[in-house]
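Subject: Structure handover

Hi,

Here is the structure for your files.

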Amino acid sequence: MVLCAVAVSAVAFGEIKIRCDYPGGNVKVVKIDEAGGVVSVAPDLRDTQGKWFHWNFTLSGAAGKTLHFQFPKNHYPYLTSLGPAISRDGGTTWRWLNADGKRHEPNNAFDYTFGADENETRFAVAIPYTQKEWDAASARWRGKEGVKFDVLCKSQSGKRDTELLRIPCRKGKAKWIFAFTARHHACEVTANPVMEGIIDEILSDSKEGGWIRDNADCVFIPFMDKDGVEDGDQGKNRNPHDHNRDYIEGRYTSVRAFKELLVRESVGKTIVFFDLHSPFVRGSTRSPQQDSVFTFASTNEQQNKHVDAFRKNWAEATKDGLLVYNGKFDQRAGKGQEARLEKARKSGLLTSRHWVESLPNCYSSICCEFGYSLCGGVYSRESGRGLGHSLLKAAVHTVTESAGK
Ligand SMILES: [Zn+2]
């Protein structure tokens, strides 16, 4: 657990108290004007360069009052398209301020009326996901045949374990290795329920689940930036670079360990890799993709055919889902991607997706983005899991079609 960066005395004014002393917590309290009913807060950026938008705090002492929450007025969005996520049970269940799916404006302020008996409420930029939620999901996988709970490495601080879940091929030697990572950027919470759905699908009785268990080794790393997730860091754009720009230098324990694992365990197998992310905090007219599900193309021509086949299959598989992926906002091949990759490589920066796609036995290496609140529908942990189910089915359809069986 980590304490707020702001001194404890600065977060209690009169009756109102704000705290973020729990996993994933993050806030900077700028000012509490109790008489005026205005609470001014900001994200605690820590080592993130530039601006970013992760925050998560608990407020007490406002029962029966209406408060205006104000984020910095600097033309930067701090709220998703549906406003903040709100929990009245200490972070167990969450709803969006605009649960009806209507867009919330402005993007840097909201009002909230506390019930007469509402003594403590948690507010967050998005529906949080930390080790606590992973442990809860793990309870339903524990004891299932073949599931192995392993450790990738120690976290960067050395204080925590970086979880590694394995579902090895049940028929001896696998032909494929499917690898899934999330939270290269600590604040990107929408990735994890999707990962849960992928695991649930593999362990289900579906034909796709059966195929993958007969033919592939599967590895899952839910928190690439484990310390950042638990400490409530932004994680994105860390100084000097974040976890997903570390695939040349290897300054982070998890990146080094993941690279070693994939090279070592993919010998004689073909790699299918998915790196799961959340995009920018909200969409706009200029960037509507931020309120959707979208994927990035490969810079490898042959692999890109597999990416396109997967996209087609995924769009088909999500048709009846709570969240819909339709491919409309995908980042297509070309468009200067190769030049950008080369420039990044020259400055010593490389993403997981690009590193995996450079391996000779890579079939496809796909980065997927899942909007924070609007995501081809209204995002919840449940609807996020649904996208995981369809993603896995589509991935299996893609490899079985191209293998001609
Ligand atoms: Zn990301």
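Which residues of H6 are buried? They are His 306, Val 307, Phe 310, Arg 311, Asn 313, Trp 314 and Ala 317. Buried means that 20 or more other C-beta atoms, placed from the backbone, lie within 10 Å of a residue's own.

Two points on the source. This is a predicted model: local features need pLDDT of at least 70, side-chain atom pairs count only at pLDDT 80 or more, and totals for chains, interfaces and linings use all residues. Residues are numbered from 1 along each chain as its sequence is written.

Helices (H or I, at least four residues) and strands (E, at least two) are DSSP runs, numbered from the N terminus.

Back to H6, residues 301–317. Its buried residues pack against strand E16 (293–295), strand E17 (362–370) and helix H9 (381–402). Contact here means C-beta atoms within 7 Å. The 17 residues of H6 should span 24 Å at 1.5 Å a residue, and the end C-alpha atoms are 24 Å apart, which agrees. The expected span is 1.5 Å times one less than the number of residues.

H2 covers residues 191–202. It reaches 17 Å from first C-alpha to last, close to the expected 16 Å. H2 is mostly covered, with 11 of its 12 residues buried. Among them are Pro 193, Met 195 and Glu 201.

Now the sheet. It is open, has 4 strands in the order E3-E4-E6-E9, and its pairing is mixed. Strands pair if DSSP finds at least two bridges between them. E3 (28–33) and E9 (109–113) each have a single partner strand, so one side of each lacks a neighbour in the sheet. E6 (residues 66–70) and E9 run antiparallel, joined by 5 bridges. Gln 70 stands opposite Ala 109 in E9.

Best wishes

Methods:
Two residues are in contact if their C-beta atoms, placed from the backbone, lie within 7 Å.
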